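Reader: I would like to go through this model step by step. Please show me the sequence and structure, and then I will ask.

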Amino acid sequence: MINGQANLLLSQTLAVSHRMLLEQWRQGRGLIFWAAFPIFMMLLFGLVYSHNESMRAGLDAAAAGILIGAALFFSCLGGSVAIIAAERERGTLRRLLVSPLKPLAYFFGVVLAQLQLAALQMVMLYSVAWMIGARYHGSWWLGGFILILSVFSYVGMGFFLGIRFANKSEQVVVGLSAIGVPLLVLGGTFFPLEIMPQAMQMVAQLDPMLHMNQAFKGVAAYGLGVESLRFELIFLVLFCLFSVFLGVHSYQRLLDKESLE
Amino acid sequence: MTNALEIEGLYKRFGSHQVLEDFSLEIKKGTIVGLIGPNGSGKSTLLNIVCQLLKADAGQIHLLGIPLHQMDSQARKMIGFCSQNCALYNDLLPHENLDFFARLYGMGPSNRRTRIHELMDDFGLWSHAKTRVGRLSGGWRQRLHIAISMINHPEILILDEPTAAVDASARVELWQLVENLRASGTTILLTTHQLPEAQRLCDRIALMQNGHVVLQGSLPELLASMGEHALVKVESSAINALIHRVEKLGWKPLNTSDEMCFLVPKLYKLIDVVASLEGVDITSVSIKQITLEEVYFSFIR
């Protein structure tokens with residue numbers, strides 16, 4: 001019985017993930033922009049840093065920040081918000097509701113698809129970054145672990161925001177700009193935390209993106225290990241669990257609401 | 001014959017509006033039952049309750065003799081639901097849509113392949129196998145939509161106005177598909193506003209109004225409910241005089257579309273009708289066979 005349920009959960013998770021990747025692949029223009037965005041960002045940062053050899057460490061940190069703070073943010077968080085909005089708009093959400101699809105399988109399916117996309121973005125971004133002189137210094141395993149935590153967190157937040165604020169596709173961009181971009185800036189994606197006023201630095205501690213950025217930059221740009229990043233990692237694990245709960249709970253609430261309409 | 005679905009004393013209220021009131025219906029295995037009624041009569045609410053999208057306030061539903069509330073998600077594997085709007089993934093091909101839903105039901109790779117092949121055959125989808133669903137016409141999308149509802153060999157297929165959003169030729173083809181499904185032994189509960197098709201296809205028909213069944217039975221039973229009457233169609237330029245005469249004769253008028261139709265005693269022949277209307281300016285008179293449409297307009301106000 002338990003084995004049967006686990007098999008069904010796995011089958012459904014793989015189905016959702018496969019479908020999303022296939023849809024992403026078929027959306028030709030969207031796929032080009034998805035790939036081009038982090039590469040252009042990396043090239044721009046490369047140009048900014050290229051005139052000064054002493055700023056090499058800054059370029060390494062920029063690569064990590066672009067991956068976590070920009071690429072994965074728009075891909076995983078923005079992508080999840082867009083997925084929820086699209087399911088609502090085309091009526092497939094109700095279709096899923098009358099199928100035996102489990103909310104947890106749907107969530108894990110989206111996460112699995114986003115993890116594969118994140119891995120691809122990491123390879124693309126670091127290939128470009130390597131060509132313009134940036135280097136990855138730390139443990140690949142630890143970096144991968146932080147990426148996984150970040151993807152889970154982004155998807156959880158994406159589900160929550162998408163369900164609460166994006167009934168239609170047009171609202172996705174507006175919502176992301178209004179809520180997401182301030183979080184990006186506060187999270188130290190574009191500017192180091194140190195240049196912000198003291199009060200802002202304190203508020204930034206509440207921004208999960210800051211901890212994602214600091215953890216990944218710590219590994220990728222400065223070669224730090226688990227011991228040095230203990231606080232960030234604990235914060236990220238807890239936030240990841242909270243996000244998964246928030247995402248699945250929001251999705252369950254959405255299904256309940258949808259079934260009453 | 002065992003019942004695929006039994007609905008007993010179902011109640012549902014939205015705010016102050018009683019949508020379903022003591023609704024009961026039985027559907028035998030392998031039959032097609034049509035739910036017919038005006039918009040707002042509670043048809044879609046009923047289907048949503050059967051599909052567990054809504055909870056009833058009171059009443060019982062049994063699927064193959066088992067109470068629905070005891071089945072939980074198991075019931076979802078036994079019911080195929082095709083809503084009015086085609087909910088499909090537009091960037092995928094038809095067989096990819098089928099494959100996705102097959103996986104949700106936990107079907108293994110070889111079962112999936114076989115079933116998708118069967119459905120692509122049965123629903124004639126091979127001709128559009130390489131076309132993304134978003135580029136298919138309404139009729140082909142609806143075909144695929146019904147095929148998806150059949151992916152898991154459901155015990156009962158629920159079709160909510162399957163031909164509502166398609167053109168006339170696609171409608172004919174879709175009804176043919178429903179007929180094929182009946183021939184293959186599928187139990188079907190459908191709602192439609194297409195009375196001639198319902199008359200032709202359904203083994204039993206339930207007329208719904210204000211949340212309950214006002215009349216149900218097989219077509220002969222429904223027609224028999226009209227009593228010993230024949231239907232007379234009259235064309236006249238003197239409508240008021242005609243109505244006045246008909247009232248005097250005690251013939252029951254029927255508001256079927258824009259024709260003037262009346263129920264007359266079955267014994268009447270055409271010559272008797274003409275004689276009864278003597279003195280009224282009449283263009284033509286004909287005696288028609290009573291159909292589901294007349295039954296509908298006679299019982300649904």
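Reader: How many residues has the largest nonpolar core, and which have the most contacts inside it?

Author: This is a predicted model: local features need pLDDT of at least 70, side-chain atom pairs count only at pLDDT 80 or more, and totals for chains, interfaces and linings use all residues. Residues are numbered from 1 along each chain as its sequence is written, chains are lettered from A and ligands numbered from 1 in written order, and side-chain values use heavy atoms, without hydrogens and water. A nonpolar core is a set of buried Ala, Val, Leu, Ile, Met, Phe, Trp, Tyr and Cys residues joined through side-chain atoms within 4.5 Å; buried means under 20% relative accessible area (1.4 Å probe, protein chains only), exposed over 50%, partly exposed in between. The largest core has 165 residues, and those with the most contacts inside it are A:Y106, A:Y126, A:Y154, A:F216, A:Y251, B:F23 and B:L189.

Reader: Which helix gives the most to this core?

Author: Helices are DSSP runs (H or I, at least four residues), as are strands (E, at least two), numbered from the N terminus. The top contributor lies in chain A and gives 17 residues. It is helix α3 (residues 56-90).

Reader: What is A:Y251 in contact with, leaving aside neighbours within four places in sequence?

Author: Contact means heavy atoms within 4.5 Å. The partners of A:Y251 are A:I84, A:L93, A:L96, A:L101, A:P103, A:Y106, A:F159 and A:I163.

Reader: What area is buried between chain B and chain A?

Author: Here 25 residues of chain B are in contact with 26 of chain A. Buried area is the accessible area (1.4 Å probe) that two parts lose on being put together, summed over both. Carbon and sulfur atoms give 60% of it. The total is about 2500 Å².

Reader: Which residues of chain B lose the most area to chain A?

Author: Together they account for 27% of what that side buries. They are B:L53, B:Y89 and B:L104.

Reader: Which side chains meet in a salt bridge, N to O at 2.8 Å?

Author: A salt bridge is a side-chain nitrogen of Lys or Arg within 4 Å of a carboxyl oxygen of Asp or Glu. The rule finds 1 across the interface of chain B and chain A. The side chains that meet at 2.8 Å are A:R26 and B:E96.

Reader: How many helices and strands has chain B?

Author: Chain B has 301 residues, and buried ones make up 51% of them. Its C-alpha atoms fill a box of roughly 75 × 45 × 40 Å along the principal axes. Chain B has 12 helices and 14 strands.
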